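The structure comes first, and the notes follow by topic.

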Amino acid sequence: MSRSFIIFTFVGMTYALIACNADLTIKSTCVSCHQGLEPASVTHPICIDCHGGDSKSEDKNISHQTMLGPKNPSDPKFWEQTCGKCHPYQLNRVRATIMLTNTGMIKNIQKTWEGEDGKLYSTQPENLFSANGIPLELKGVSQLNNLSGELYRKFCSQCHVGIEADRKYAASHASGCAACHFPYNDIATYQGNDLTVKGKQPYSANHQLTALPGNDVCLRCHNRSSRMAFTYQGLHDGNNGLVPTRNGLPGPRIISGARNLTYIIDDIHFAGGMDCIDCHTSRDIMGDGYAYENMYYQTETRCENCHGSGSKHPVFQTIVRENDEAVRESKNYAIKMQPGMKMIVTGKGRKYSNVFYESGNVYVLSKRTGKLHQSPVITGTPEHTIAGHERMECYTCHSRAVPQCFGCHTRYDQTRLGKDYIKNKETKGKFSETEDWRKLYPFSLALDQRGKISPVTPGCQTFVTAVDEYGRTTQKEYVAKFKGKKQLRFAPFYSHNTGKTAVGCSECHANPIFLGFGQHVINGNSIQATLLCEKSKEKSLDGFLKMKNGKISAFSGITREYSRPLNSSEIKRILAVNQCLVCHDDPNDPIYQNKLDLTMLNTCINRSGPATIELPRVRKITKARPVMLERKKVRFRIKDIPGSAYNVIFDQMMSTRSTEKAFVQKTLGKEDPEFFHKNCESCHVKSCDDCHKRDGDVLIRPTSSQCLDCHKGYFTGWEYYGRAPREDNLRYQRGKTVKGETFLKMLPDVHARAGMECGDCHSMRSLMAGKTSSKTCVDCHKADPAVIEHRIDAHKKNLECYACHSAWAAQEYGTFFVRFKDSSNKQYFRLRPWGDKDYIKSGFLKKQDSPPLGINQRGKINPIRPQFIAYFSDIKNNRPVGKENRLLAAQWKAFFPHTIARGTVMCDGCHNNPERFLLEKEEDHIYRLQKNGMTLTSFWSQNGQTIGNGSFMTPERFKKMTSKPPEFKKAYVEKWKRLIKAVEN
């Protein structure tokens, strides 16, 4: 008897049995009530086999009395009687999967919240086996009677497959097997054809079993903390400003927690049509039967499996049996695996069920669609065999966006009740969170749990405030201990936002942000942070290393076993590469195939110049006028002010605001002629009393505090004292409040740190003359020949001093104004109050790093920022009036940031950075604005934008600036030599 005949007979008998069973189902009383209910699948035709109950009784109560569930028989309370009866192999794996036990999440919360007790916990008590086969007892997390256990149960526990989450928009899911195989829609409502449950919740979207879950299923849980399901699909929950608008509501896409998703560049695998399950094996998700303490132990997928490494090709094993795991798992795929196929193996040496080797190529099969993707193999390519890169994770170079959430401020309030989802009851104590800052790029690097250099992200920067049952604050912004000392945490992370093009060599090697120093300026042999932790004067919020007088130390911990920050020796080697990159900037260059020989440096540099690269040491002659730390209160009588001077004050810009009025009128005034009057008019000088305190007929010289009564916007004023604007969403309105505003803590201007006030540079005489200030940098400071940059002719001729010395600047990209009339939709925009009651305003993106550069009216390179990239939407009766998100202005302004520091960014921050000049290539843009309903393609593209008081850097001039003539190379090498030499071993 032939093999084909046996298979045909078996298949025929199977379908005959299914048809027979289906006939039984039709005669049952289940379908007489639930008419139109979709069959779960052809292999699950009989209702009572899964749901239990009595299918013969016509009495509804009797029929339902013995049901299991009743609506979800796959819940862990019943799954041994239901799913497990037919699928014991899968059930035994799922019982141990970390997606059910959450052991890793609980363990890491214990570390962060000082709740370690030497025990491992699970969502429910389990007796399992560790990866090496040793019996392992997992305690139930309901027994973890400390704050870390309560946090997990009340705040984190809904994202595991053992519990139903049914009240979270776009994040609800069933419990048990149904969590993945019977997916919910965004509102957890049944939308199938059974009229008895149609429109009810919580139910799956229909009654059809989904054998191969799509990305929408993964998104239900993997949208918090790491947010990897978002970044993979090119989505970002960003600043939660809930703009731009879409159909009169926040847009473009709302998800759980009233968060607003905007579009960014998507992962190359997602762009090619691959689902999450195309990379992740069933063992990654459902487990392999062993209990793991962290997710990275359970996950067996590696980039190298499909693409190879620099030194090794992908490994494959041939299918030799008909009952091979790969054959069994592929039965629902569009293409089924067969004996004889060469299957690529995972990081744990097991066969993938959809990745195979054929005719010299590696192919990945999309399990749900059947699409074949050829996987490029990089083994032996020069850029992947660079000496020293053996310790790099693939995604260290190929990650394009890494979600980073700085400052997780958690409040535990015992005066309020919170739902304990594990114990299924409300108890005293409710948790809430606020944040400090988010960004996507650049990101920091450290050693991960595999001993490889990997991206890291805050994990977690927890500041705890606790309120007891009597309303007393017992802890305020408490930083928990980690490894014996109070410190914040970062964690190794793969963002799932992979690109074909890698991060540039000089971006990693020449930017200390990547090494863990955060935003910074470099001053001699020290690296000074600019974005500061609220509890420190010198430690960065967005980094974990500091360098002071050459000594590098870590002040934040890297979590996960075997992980740590880079040490001084490693940092020295990384920085040393810059001396070669100035000439050899191609990763394919053969010199990088061998260990760097820095003794060749002099020979290389001297080929095109003098015999020595050592620049002369020059005696420091910087001169500055002494700062008066104690200022006298100047008092004068009004009658002593000359009448002509008195009148001229009110003809100047602080009184007339004519320039601002004209700008607003030609932009927002097109939509609302009263816009300036409604929203902008309060800050202008009407009388002497607006600035001067009065003592009878005597006026007192104003202080900086009085200046900031008006100069409290993000444009000018507050940054002088180290305050950057927070996001407009209420979630970010936290921390110290000054004059009704909350700010990020930043590095103050060096003059503010010395005690200088606004009036020391901005005199009354200059204001009367219509000038911004009475002093410039060169009035007080002379160039210091000992500073390399000061003796470069091109710098002296083409740069404003503050182009290099502005440590940071507040910037807002995409300012949205939305006007409501007779509309209740305003309540959905969770923004702080602003201006006229009919308006809301929010920025799409706020930044506080080094500002972009352009050309000012003097023809010099000068910091620039958007004066307004303004969008406008009109909403009436909850409906948009005209086109939403209308671009009214895209105008930039050359300006002087009041954030001067003695240090500067390094050379590559300008010379090799087209984004700094709005010349970034389109493929490098992280934010995809047009997908969000915005007119501009990017904020970092000069197309469609103008500078009101200057011009953009031309591509030709930028190309010339980056041409690297011999004198530049010599100065560049000397700059890096000094920094490297300063780093202590």
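**Contacts of His520**

Setting aside neighbours within four places in sequence, His520 is in contact (heavy atoms within 4.5 Å) with Asn511, Pro512, Ile513, Ile527, Gln528, Ala529, Thr530 and Val905. The model is predicted: local features need pLDDT of at least 70, side-chain atom pairs count only at pLDDT 80 or more, and totals for chains, interfaces and linings use all residues. Residues are numbered from 1 along each chain as its sequence is written, and side-chain values use heavy atoms, without hydrogens and water.

- His520 is buried at a relative accessible area of 8% (buried is under 20%, exposed over 50%, partly exposed in between, with a 1.4 Å probe and protein chains only).
- The His520 side chain comes to 2.8 Å from the backbone oxygen of Gly518.

**Aromatic pairs**

- The whole structure holds 35 aromatic pairs (ring centres of Phe, Tyr or the six-membered ring of Trp within 6.5 Å; planes under 30 degrees apart are stacked, over 60 edge-to-face, the rest tilted).
- Tyr395 and Tyr494 are stacked, at 4.3 Å centre to centre and 25 degrees between the planes.
- These two residues are 99 residues apart in the chain; Tyr395 is buried at 13% relative accessibility, while Tyr494 is partly exposed at 22%.
- Trp892 and Phe952 form an edge-to-face pair because their planes are at 75 degrees, with centres 6.2 Å apart.
- Trp892 and Phe952 lie 60 residues apart, and both are buried.
- Ring pairs join Phe663, Phe675, Phe817, Trp834, Tyr839, Phe868 and Phe872 into a cluster.

Technical notes. A polar contact is a pair of N or O atoms within 3.5 Å; within protein, one must be able to donate a hydrogen and the other to accept it, and residues adjacent in sequence count only if both atoms are side-chain atoms. Helices (H or I, at least four residues) and strands (E, at least two) are DSSP runs, numbered from the N terminus.
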